[in-house]
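Hello,

Here is the structure I promised to pass on to you. Have a look at it first, and then read on for what turned up when I went through it.

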Amino acid sequence: MVSVNEGLLVGLVLTNLFYLATGRLGTYVKLFIVQTLLVSFFGLVVNQGYLSTRVIILSVIGLVIKAFVFPALLTKSIRTAKLKREIQPLVGFGTSLFIGILMFGLSSWLGSRMPMPVEASSRLVVPVVFFTVFTGLFLIISRSKAITEVISYLVLENGIYLFGISFVKEAPMLAELGVLLDVTVAIFVMGIVIRHLRTEFESLDVNKLSTLKDWGV
Amino acid sequence: MIFSMNIGFFGNFSSVLQVTLALVFAPLLFGVINKTKAFFGGRKGFPLLQTYFDLAKLVRKGAVYSKTTSWVFRAGPVVSLAVVLMALFFVPMGGSRSVVAFEGDFLFLAYCLGVMRFFIVIAALDTGSSFEGMGASREVQFSALAEPALLIALAALAKNAGSLSLAVTYSGINFSSWLGSGIVLGLISAAIFIVLLTENARIPVDDPNTHLELTMIHEVMVLDHSGPDFAAILYGSVLKLWVFGSLFVGILLPVKSASPVLNTLVFMTGMFGLAVLIGVIESVMARMRLTYVPRFLLGATAFAVIALILVLR
């Protein structure tokens, strides 16, 4: 039978490859929403028989922060920074996609070599976790815009969260660490907005913003 | 070449009939595509049978050969048509087996199509026109990227079925295999569909209608052919679309009922449904920028590789 969770995992693989192939910041944010929905839904499907309050609260927190709060913040920072796309990535998009395919192969190999103390719900879980983490790391080193790096970090975090939520029965600690990582990213995003403001206006004083309308014309 | 005993060298009567149907109905695909595009454009469009009229007209005409060309230029259209006809005998169509089958024939099919492209390309290069050379270069660049996608997709299919022969692979697919390995089949058909669009010079990779220099890939290569030669090229290209279409429809609509008539009807509906789908895609999408095409094709390869990894697990 085609299981729902395998479908979700393949969906995750495809979103990862899409990240590598695109340079539009708006698409990154949309992809991130899709990926987060996939991960959260996977969390619910995988823990079907074990839907304790803890799991539900973890999923809901993850979902709300990542599918609503972060995208809103990111869209806002993209708009403030007046960026549309990653223009000069250090590694080209085609090459990135090719490396992505290799990374998926490597992740599958790693997944098959790595015995887990507890059997995962699907044999795809560990490869997909690795692949998502690799994608995040690769994006961090190969893209140059600060906002893309935040999103890359979020992709990496999605991978870790996926791992945590798959084993929440056995190691609830992991899932909670995942949520903590989310908070770190929130600080990242704010930091970038602040840094942008400072480089742009040489000050963080919000009051000065109103007088800057004609600045630099 | 080792012909496997259990497969049998020749298929039955129904497979031969399928090839005949392909030879007769293939030009209609272009008509359906163009009617769909005309419908979206609010036009009446040219007649459904226009490709037949074109072929009939071209066959009656004489051919013009430039003095700079050699026998290579004249051989191109003939060889490419011959090779695609040969490919047709290896494709399982309409729920029946292919006419000829042996272990590993999917490689043979891929290289038949490769030989077809090779001859069109060297005929284009033989004209000495830099414009045609440009088209040939683009065609070869994109095919080089499309071929791994096709081969890996077919390999995943072969591994899924446990046989290296297209006939066995395709006869193993039915609706319950969609329930069992739907993800794999979905990925494979997505990869094959992208390759289909690329190899047949359809939007979003190439625009079959354009005669503008900067946008053309496939059309530019065949500009110098005229008369019966061009008819061979045109007929070859509709047959090529039929070959790829059968590979795609064979996965998507694997009807294996006891009645060959029903199978054939479903298959034909699938093929013309595919033509409508291509028409819709051409109506709602613009051609991609040339630099995006390699990414698009790498995407197809990615689908195929994921399918293969899922099967290998």
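Before the details, one term: two residues are in contact, or touch, if their C-beta atoms, placed from the backbone, lie within 7 Å. Please also keep in mind that this is a predicted model.

Leaving aside residues up to four places away in sequence, B:T36 touches B:V276, B:G279, B:V280 and B:S283. B:I278 belongs to the picture too: 242 residues separate B:T36 from B:I278 in sequence, yet their C-alpha atoms are 8.6 Å apart in space. Is B:T36 buried or exposed? The cut-off for buried is 20 or more other C-beta atoms within 10 Å, and B:T36 has 21 such neighbours, so B:T36 counts as buried.

Staying with chain B, the loop between α7 and α8 (218-221) deserves a look, as B:P204 is found there. The peptide bond joining B:I203 and B:P204 is cis, with omega at about 10°. B:A201 lies in the loop between α7 and α8 of chain B as well. The phi angle of B:A201 is near 55°, a positive value in a residue other than glycine. B:A201 has 20 C-beta neighbours inside 10 Å and therefore counts as buried.

Now for the nonpolar core. The largest one has 155 residues, and those that touch the most other members are B:A149, B:A153, B:I188, B:A191, B:A304, B:I306 and B:A307. Helix α9 (residues 227-252) of chain B supplies the largest share of this core, with 16 residues.

Where do the two chains meet? Chain A brings 17 residues to the contact and chain B brings 14. On the side of chain B that touches chain A, the elements giving two or more residues are α7 (175-199) and α11 (293-312) of chain B. Of these, α11(B) gives the most, with nine residues. Sorted by class, that side of chain B has eight nonpolar, four polar and two charged residues.

On to chain A, which has seven helices and zero strands. Of its 217 residues, 40% are buried. Among contacts in chain A with a separation of 6 or more, 73% are between residues 24 or more positions apart.

Helix α1 (residues 4-21) of chain A has 18 residues, which at 1.5 Å a residue should span 26 Å; the end C-alpha atoms are 26 Å apart, so the two values agree. α1(A) is mostly covered, with 15 of its 18 residues buried.

Finally, a helix pair. Helix α2 (residues 25-46) of chain A and helix α6 (residues 146-166) of chain A have axes that come within 10 Å and cross at roughly 10°. Angles under 35 degrees count as roughly parallel, so α2(A) and α6(A) are roughly parallel to each other. Residues making the contact include A:F32, A:V39 and A:F42 of α2(A), and A:I151, A:L154 and A:Y161 of α6(A). By class, the residues of this contact are twelve nonpolar, six polar and no charged.

Best wishes

Methods:
Residues are numbered from 1 along each chain as its sequence is written. Chains are lettered from A and ligands numbered from 1 in the order in which they are written. This is a predicted model: local features need pLDDT of at least 70, side-chain atom pairs count only at pLDDT 80 or more; totals for chains, interfaces and linings use all residues. Helices (H or I, at least four residues) and strands (E, at least two) are DSSP runs, numbered from the N terminus. A residue is buried if 20 or more other C-beta atoms lie within 10 Å of its own, exposed if 12 or fewer, and partly exposed in between; C-beta atoms are placed from the backbone. Ala, Val, Leu, Ile, Met, Phe, Trp, Tyr, Cys and Pro count as nonpolar, Asp, Glu, Lys and Arg as charged, and the others, Gly among them, as polar. A nonpolar core is a set of buried Ala, Val, Leu, Ile, Met, Phe, Trp, Tyr and Cys residues joined through C-beta atoms within 7 Å. The expected span of a helix is 1.5 Å times one less than its number of residues. Axes are lines fitted to C-alpha atoms, for helices over the stretch in contact, and angles run from 0 to 180 degrees between N-to-C directions. Angles under 35 degrees count as roughly parallel, over 145 as roughly antiparallel, 65 to 115 as roughly perpendicular and the rest as oblique.
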